[in-house]
Amino acid sequence: MSDVAAIRRIANAPGLTNPGNAGCVPHTEWFKVQVRGGILLVATRKTKVVGFIMGEKLLGTVVMVWMMGVTEKLRGQGIGKALMNAFHHECTKQGKNIFVAYAYAKNPVIIKLLKKYGFNQGHLYYEFIKLPKSWK
Ligand SMILES: CC(C)(COP(=O)(O)OP(=O)(O)OC[C@H]1O[C@@H](n2cnc3c(N)ncnc32)[C@H](O)[C@@H]1OP(=O)(O)O)[C@@H](O)C(=O)NCCC(=O)NCCS
C-alpha cells in the first residue's frame with residue numbers, strides 16, 4: 001500500500017491515463033483496491049519503485065491485466081520482461097491461467113511484449129470510459 005504513490009507517478013504516462021475530463025492518471029483509490037484484491041507487483045531498484053504490473057482476479061481462472069509501467073528513463077532494460085515473468089508466475093501460483101489484456105494500439109512496445117508472452121492479438125476497439133466527477 002505504501003508504494004501506491006510511486007506507482008501512480010509511473011502511471012502518469014501516455015497510454016495509461018484515462019480519456020475524458022475526469023481522466024488523467026487513475027485515481028489513488030483504484031490502485032488501493034487492486035492492492036487489496038488484485039495482483040499488483042512492483043519492481044524495485046535500491047528500494048525505489050521503478051515499475052509495476054497490476055491485474056484483477058475475475059471469476060474462475062481469469063485475470064484482467066490492467067496495466068504495467070516502468071520509469072521512463074529505465075525502459076528498455078528488461079524490467080518490463082521481469083515484471084511479466086513474475087506476474088505470470090504469481091498468477092499461476094494463485095490458480096489463474098486465462099489472461100486478458102488491452103493494449104494501446106499505437107504502442108508497439110507493449111504489443112511486442114504481450115505477443116512474446118503468448119497473448120494472441122484480437123480485434124481493434126475504442127475505449128469508452130465513464131468516471132465519477134470526483135475523480136481528479
Ligand atoms: C511497456 C513497458 C512497461 C515495457 O517495459 P520495459 O522495461 O521498457 O520493457 P523491456 O525492457 O523488458 O523490453 C520488452 C521488449 O520490448 C522491447 N523494447 C523495449 N523498449 C523498446 C522501444 N523503445 N522500441 C522497441 N522495442 C522496445 C525490448 O527490446 C524487449 O523485446 P525483446 O525481448 O525482443 O528484446 C514500458 O515501455 C512502459 O512503461 N511504457 C509506458 C507505459 C505503457 O505503455 N504501458 C503499457 C500499457 S498498460
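Q: Before we start, how are the residues numbered, and what pLDDT do local features need?
A: Residues are numbered from 1 along each chain as its sequence is written. This is a predicted model, where local features need pLDDT of at least 70 and side-chain atom pairs count only at pLDDT 80 or more, while totals for chains, interfaces and linings use all residues.

Q: OK, let's go for the ligand. How many residues surround it?
A: 21 residues do, and the closest are Gly15, Arg75, Ile79, Gly80 and Lys81. A residue is near a molecule here if its C-beta atom, placed from the backbone, lies within 6 Å of it.

Q: Which elements give two or more residues to that shell?
A: β3 (62-70), α3 (79-93) and α4 (108-116). Those names come from DSSP runs, with helices being H or I of at least four residues and strands being E of at least two, numbered from the N terminus.

Q: And how do the shell residues divide into nonpolar, polar and charged?
A: The shell has 11 nonpolar, 7 polar and 3 charged residues. Nonpolar means Ala, Val, Leu, Ile, Met, Phe, Trp, Tyr, Cys and Pro, charged means Asp, Glu, Lys and Arg, and the others, Gly among them, count as polar.

Q: β3 came up there. How many of its residues are buried?
A: 7 of the 9 residues of β3 are buried, so this strand is largely enclosed by the rest of the structure. Buried means 20 or more other C-beta atoms within 10 Å of the residue's own, exposed means 12 or fewer, and partly exposed is in between, with C-beta atoms placed from the backbone.

Q: What does β2 do with β3, and how many bridges join them?
A: Strand β2 (residues 48-57) runs antiparallel to β3, and 7 bridges join them. Two strands pair if DSSP finds at least two bridges between them. Gly51 stands opposite Val70 in β3. The two strands form a hairpin with 4 residues between them, and Gly60 in the turn has a positive phi of about 65°.

Q: What about β3 and β4, parallel or antiparallel?
A: Parallel, with 4 bridges between β3 and strand β4 (residues 98-101). Val62 has Ile98 in β4 as its bridge partner. The chain gets from β3 to β4 through α3, and this β-α-β crossover is right-handed. That means that, with the strands pointing away from the viewer, the path from the first strand over the helix to the second runs clockwise.

Q: Now the core. Which residues touch the most other members?
A: Phe52, Ile53, Met54 and Leu83, out of the 21 residues in the largest nonpolar core. α1 (4-10), β1 (39-45), β2, β3 and α3 each supply at least two residues of this core. The largest share, 6 residues, comes from β3. A nonpolar core is a set of buried Ala, Val, Leu, Ile, Met, Phe, Trp, Tyr and Cys residues joined through C-beta atoms within 7 Å.

Q: What is Met54 in contact with, leaving aside neighbours within four places in sequence?
A: Gln34, Gly38, Leu40, Trp66 and Met67. Contact means that the C-beta atoms of two residues, placed from the backbone, lie within 7 Å.

Q: Switching to β1: how many bridges join it to β2?
A: 7 bridges, and the two strands run antiparallel. Leu41 has Ile53 in β2 as its bridge partner. β1 and β2 form a hairpin with 2 residues between them.

Q: Last one: where does Ser134 lie?
A: In the segment after α4. Ser134 is exposed, with 8 other C-beta atoms within 10 Å.
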